[in-house]
Amino acid sequence: EDLIFHTYDTIHQVCECAGGQLVSDNNSNETARRQLQYPLDSAKADSPGHDTSTGLVQAWIKYSRAPDVSSWTRTDIQAAREILDADLLDVFGYQLPTMT
């Protein structure tokens with residue numbers, strides 16, 4: 001999700017963590033952000049076993065929606081509530097599913 005919604009910041013931090021520097025970092029932050037290229041098509045589209053891969057726009061749509069738990073059983077929801085850490089989910093902007 002960070003790569004999709006916070007592309008430049010994520011790439012910059014990963015590169016820095018690995019001891020590198022983005023080539024565009026020699027410019028201002030704003031210039032570097034504008035130079036970043038966003039491929040719209042899936043990188044895996046033409047490789048075997050990846051014919052349902054999504055591109056950037058489809059990923060924005062997919063990951064900007066709350067997870068659909070409507071097909072979960074009561075047992076699924078109960079297990080999620082017992083296993084998942086509510087505080088950690090909250091840090092990433094998620095909520096535990098509720099029983100309806």
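Author: A polar contact is a pair of N or O atoms within 3.5 Å; within protein, one atom must be able to donate a hydrogen and the other to accept it, and residues adjacent in sequence count only if both atoms are side-chain atoms. The model is predicted, so local features need pLDDT of at least 70 and side-chain atom pairs count only at pLDDT 80 or more, while totals for chains, interfaces and linings use all residues. Residues are numbered from 1 along each chain as its sequence is written, and side-chain values use heavy atoms, with hydrogens and water left out.

The side chain of Thr-7 reaches the backbone oxygen of Leu-3 at 2.5 Å. Thr-7 belongs to helix H2, residues 7–17; helices (H or I, at least four residues) are DSSP runs, numbered from the N terminus. Thr-7 counts as buried because its relative accessibility is 12%, where buried means under 20% relative accessible area and exposed over 50%, with partly exposed in between (1.4 Å probe, protein chains only). Leaving aside residues up to four places away in sequence, Thr-7 touches Asp-2, Leu-36 and Tyr-38, contact meaning heavy atoms within 4.5 Å.

Thr-10 also lies in H2 and is buried, at 18% relative accessibility.

In H2, Thr-7, Tyr-8 and Thr-10 are buried. Seen down the axis of H2, the buried residues fall within an arc of 165°, so they line one face of the helix; the arc is that of the directions from the helix axis to the C-beta atoms. On the other side of H2, Gln-13, Glu-16 and Cys-17 are exposed.

Note on methods: Helices (H or I, at least four residues) and strands (E, at least two) are DSSP runs, numbered from the N terminus.
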